[in-house]
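Work through the exercises below with the structure open beside you. Try each task before you read its solution.

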Amino acid sequence: MRSGACSIRALAPVLLRRWLCGAGARPAHLCGSVRFLSTDSVSAALPARARVVICGGGIVGTSVAYHLVKLGWTEIVLLEQGRLGAGTTRFCAGIVSVAKPLSVESKMADYSNALYERLEEETGVKTGEKSPSLHSRPSLKLVLGVSCNVIKPKDVARLHPLVNIHDLVGALHLPGDCVVSPPDVNHALAVASAAHGVQIYEHTSVNHVVVKKGHVTAVETDRGSIECEYFVNCAGQWAYELGQSGEVKVSVPLHGCEHFYLLTKPLSEPVQNDSPVLIDMDGRIYARAWHGGILSGGFEKNPKPIFTEGRNQLEIQNMQEDWDHFEPMLSALLRRMPGLESCEIQQLVNCPESFTPDMRCLMGETPGIYGYFVLAGMNSSGLSFAGGAGKYLAEWITYGYPSTSVWHLDIKRFGNLQSSRTFLRHRVMEVMPLLYELKVPRWDFQTGRQLRTSPLYDRLDTQGARWMEKHGFERAKYFVPAGKDLLALDQSKTFYKPDWFDIVGAEVKCCKEAVCVIDMSSFTKFELTSAGDQALQLLQRLCANDLDVPVGHIVHTGMLNQRGGYENDCSVVRLSKNSFFIISPTDQQVHCWSWIKKHMPSDPQLHLEDVSWKYTALNLIGPRAMDVLSELSYVSMTPEHFPSLFCKEMSVGYANGIRVMSMTHTGEPGFMLYMPIEYALHVYNEVMSVGQKYGIRNAGYYALRSLRIEKFFAFWGQDLDSFTTPLECGREFRVKFDKDTDFLGRDALLRQRVEGVTRRFVMLVLEDHDTELDVWPWWGEPIYRNGELVGVTTSSAYSYTLQRHVCLGFLSPTNTDGSPAVVTADFINRGDYEVDIAGQKFPAKAKLYPFSSLFAQQKRRKDNMELSNFQSK
Amino acid sequence: MAATSHVFRVIRGRRCGRILVPPITCQNCSRPPHPCIYATRPHSFEQRWQHQVRGYRTTPAWHTYYLTPPQVNSILKANEYSFKVPEFDGKNLSSVMGFDSNQLPANAPIEDRRSAATCLQTRGMIYAVFDGHAGCACAQALTERLFYYIAVSLLPHETLIELENAVESGRPLHPILQWHKHPNDYFSKEASRLYFSSLRTYWQELLDLSVPGEQPDVAEALVSAFKRLDNDISLEAQVGDPNAFLHYLVLRVAFSGATALVAHIDGNELHIANTGDCRAVLGVQEPDGSFSALTLTNDHNAQNESEMKRVRSEHPLSEAKSVVKQDRLLGLLMPFRAFGDVKFKWSIELQHRVLESGPDQLHENEHAKFIPPNYHTPPYLTAEPEVTRHHLRPQDRFLVLGSDGLWETLHRQEVVRIVGEHLTGVHQQQPVSVGGYKVTLGQMQGLLQERKARISSTFEDQNAATHLIRHAVGSNEFGMVDHERLSKMLSLPEELARMYRDDITIIIVQFNPHVIGGQ
């Protein structure tokens, strides 16, 4: 048996080829002999060591190997438990679509598309062909940078004669899309990487990854161990379990769902191979030509999650067809293409796909383990993303970060708290149907909720709070007044004026004129302490601003990377000489922790603690906040006694030791109250009862958002990312070039200061936009300057003060030769701007500074800027 | 099996009336008797049915209008009734979990009756389905009386003494039965005194016959109760009553007829007493989870050879040809055993005498005077039941009692499958697989949509009996419930409904496998 196994391994390349030729009715374009391993005969023995070990021989794993090789890596070993491409890759439908919700995703798909074409030349393995796709429901928001046309039903009929066009209004035509054969792409990638020295071993499974002192040191397989520096988990369906298998657990939050597609026999009049891929979002189906017949699948409303209990290697080879489950999609297909009714069935394929809690893939280095990378959870777009994602991950391993911001895909956006199997099972059942649903602004997931809550949750809920979730934490969006009933959830899903408009307006008004209380307990809170001045030294190195301030001061600062880009944007309170309180956005919990840990010397006297769960945060916003607080504490809270950006421990009501900070994250006057959670209810009750005579009311995050955007406050994760420098977003005043310590990113910023910035964060105030009737801006709308596309918005809100819409976004113009142009204040001020919302262009006024500065003094402006920002922490 | 059931359906389908004897007009129900009961009419109908393979397959030629699904549901659910045996301390200690029953009229008014009750003195539960003919009077009398006869027959000597003493001294009686009745199941008040005095006479006789300390045998008790009640019905009609209304009532009861099917369950012991052609089928769950049918009764009609033999043996050879003609007793009556129907039991003289002394209404009724042809050696008909005893096993999941209206539309195996799947909530539908067959997308879509419809109709019905009726009436060629068909069948005009379907009455008793397995 043993010798048999060995000989199979020795024959692996030959077998693989045979399998490719014989796999069902799938075509094998491959002819001629290709050899993966330079040392075929000795491939039985694994090398004792390697630099990189990649687990997973699907299209993702081979893509990572290919791109690492391209970047000059050697000693790469790729391990596959079965045969190359035997998992999801083997079954997937082979559509590369470049229309993706995120621009980084579109970029990846674009790259993949080009790569697969190039591969054909490079390796001689035919991978597929151009096959433009037709979306039956043109999205309201056209994705920037993707070549697409909206066409008439008549043209649809011309492009695809089988389509029933009677109920179509139009379609989106994407000439850039293509159809490839996934196993062939997989094979081509493998061939290309093998040619550059990647050693591929099939029938080798990884048992676990050995981690010593937070670094990957070796990989244990069923055939012995391999020492290595880097490990890449591309195990697809099995990535979660592989992550859990080691002594140090890695959380890879993904879950499998069954996915079905239908293959038909050739039609009497065979479907041309170049006929477009059809995507019918209403019918939730896709369909492409397949050997003269049709390949059609879809994303149903009631997905079937699988493998919740664990992996089963045998099962994935032998998944059951479920016709009853496929019925709605079959009906949708026949509705869209009635001519297929007489077409014969070839097969119903069940191909499990893995999905993540937010529909975006998982990429990057895992928090806490250096050298452990993950690329998995492709949400059934594996083929579209594999090329681009593989490239980014290879760059990540090589340079420490990809060449573009991938925060939305970064595995560090999740933590252990998203790793519950029950959570994942429930969430993916919600996520999968969303793939073919119109992406509505401010979507809140309905599953996996109420995981983390503030102690005030019930109190707020009974007062009409409507909730959203961030990083598992429930946060109030707004409060529906008693007696007023909002429309059903479905009706609030709109691109137009939402039903909460007046409610949020009232909350904003109260913040401006009286006082509001917002529960902001979800923020990530760290405490950094040391015996000596290690804590200060570390922060001075990490932060651009100067932290050597008197005790009790609050400093807003970015934590920058070598490029000068924001890794984090936080507020740091100096609690005592050697202890600091760091407040970061909610979803920075994992990312910020690993960023600080990565740069923290291993000094037993330096201690970082995550205290997020220990504190409840209440934000009192508004001119009367100081009255409420002084009544509760018998301390004068006027600016003379309590200047802004100051922190004091005081008593509020009966509770003592409450950290009161004079900042609000909105630009309005007010205070943040950080209290141990056991005091939360008491303090809240006291604040509410005392505040009554000042007109206090609850407010939610939507009010906060409107306030911070009209004050031009950027928000990390949406406006700011690791490629945005403080100079590009007008925050130079928070960078202290002349402080003693050479902080991270200083050189890059100095260089940029000399060269000038090529992109600039601006505020655009929309004119002639009818709030009632026009589609609202949300984010991602193209910005035009003098008729030329110069940028894209990153966030927007209705300003109740200006009674206009305010969009924030970046301008990144190019010179005539296509190179990035330097942006000056003059350039910005001398342009006529338009924002394109759903195809309609609205004129806008661009501002470099908050609106208030236009009629206030310079000092006033500076104060406002100094008041905090990041609303959506 | 399929072939025989097919034949069976052809035969049953051609039949329009259970009895070809004109009935006595039913005063209670004040409607004209159904046309097809008249001896002269059925022939034309028979011709009409002859072309049909199955009784209910005709497409109505008249103008139809469609019922909406809620309308269909309200018709189907009008008579549904469910009973769950109450739990004690979170546990149901009874071998019965509960029952579902329902009936769908085709005659106007319906001639079927149903009863369910718990015997309070013993522990048993009794269920019964009665299928009346020539009016509903006899079936109605049976629902009101038969259970008391059975309950009393089951009482031990000591309890009978208590009962008699209580009546004697005018003390209140301990109730004997706890009825489980649908609001539409009415009891008439007028005859209760008369019925009670007959019952009392019966238990007084039982008192004389029984021995202290001896438990009555259930099978014997059932037979005794059946025979006694039929005898009482006959006697009451002969004696008459000074009250003209009552006199007319007892005559109507005696001259109409009814078959009866009674199930008595006490612990693991199931007894079925059957008179006529209702049928009891046990749903047995096989180890693989599927359900199979075990029939516990024999139909007493021409299709049953031993019944044919019995009937012929009870009459002289000279009558061998005339006693069963066209599969009917004396060429008239389909069931070979029944309550009432004194036309087939009394001598000609007795019939004449009773009719002459009877109230005026009878004189006007020509049909009441009608004497069956070749009527030489009465009685031709008996109410004596055939009793089956069955010891319940853990795999016995439920019992279906149904009038012949059910069994002539659905095969028993189909009945058991539908009920079994409904009760377990598991559909034994095999997953669809294309295999090597040539299937087009269109065909597959059709098949899948039917499967979906079947599942959705399951969840529509809480009551298993309603679910069964839905299938019985609405099944199409594929065995799927077809709303269009259901709508047509249920919107038939009253006078036509009986030609397309019979009254359907169903009781489904669900057993408690925990108790049955534990004993």
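**Exercise 1: Salt bridges**

In this predicted model, 52 salt bridges are counted over all chains.

Solution. 
- Start with the contact. The side chains of A:Lys265 and A:Glu344 form a salt bridge, with N to O at 3.3 Å. That passes the cut-off, which is within 4 Å.
- Check the surface. A:Lys265 has a relative accessible area of 26%, so A:Lys265 is partly exposed.

**Exercise 2: Two further pairs**

Task: Are A:Asp587 and A:Lys470 buried or exposed? Where do A:Arg804 and A:Glu767 lie?

Solution. 
- Take A:Asp587 and A:Lys470. Their closest N and O atoms are 3.6 Å apart, in a salt bridge.
- A:Asp587 is in the loop between β30 (579-584) and α17 (589-599) of chain A, while A:Lys470 is in strand β24 (residues 465-470). They are 117 residues apart.
- Both A:Asp587 and A:Lys470 are buried.
- Next, A:Arg804 and A:Glu767. Their side chains meet in a salt bridge at 3.9 Å, N to O.
- A:Arg804 belongs to strand β40 (residues 804-811) of chain A, and A:Glu767 to the loop between β37 (760-766) and β38 (782-785). The two are 37 residues apart.
- A:Arg804 is partly exposed at 38% relative accessible area. A:Glu767 is partly exposed at 23%.

**Exercise 3: A helix and its span**

Task: What should helix α15 of chain A span, at 1.5 Å a residue?

Solution. 
- Count the residues. Helix α15 (residues 501-513) has 13.
- The expected span uses one less than the number of residues, times 1.5 Å. For α15 of chain A that gives 18 Å.
- Compare. The end C-alpha atoms are 18 Å apart, which agrees.
- Look at the packing. Buried residues of α15(A) include A:Phe501, A:Ile503 and A:Val504. The buried residues of α15(A) pack against several elements of chain A, among them β25 (473-479) and α20 (701-710).

**Exercise 4: Crossing helices**

Task: At roughly what angle do the axes of α3 and α16 of chain B cross?

Solution. 
- The axes of α3 (residues 69-77) and α16 (residues 464-474) of chain B cross at roughly 120 degrees and come within 10 Å.
- That angle makes α3(B) oblique to α16(B).
- The crossing of α3(B) and α16(B) is right-handed.
- Find the contacts. In α3(B), B:Val72, B:Asn73, B:Leu76 and B:Lys77 meet B:Thr466, B:Ile469 and B:Arg470 of α16(B).

Definitions and conventions
Residues numbered from 1 in each chain as written. Chains lettered and ligands numbered in written order. Predicted model: local features only at pLDDT ≥ 70, side-chain atom pairs only at ≥ 80, totals over all residues. Heavy atoms only, no water. Buried < 20%, exposed > 50% of the residue type's maximum accessible area, 1.4 Å probe, protein only. Helix = DSSP H or I, 4+ residues; strand = E, 2+ residues; numbered from the N terminus. Contact = heavy atoms within 4.5 Å. Axes fitted to C-alpha atoms, helices over the stretch in contact; angles between N-to-C directions. Parallel < 35°, antiparallel > 145°, perpendicular 65-115°, else oblique. Left-handed = near helix turned anticlockwise from the far one by under 90°.
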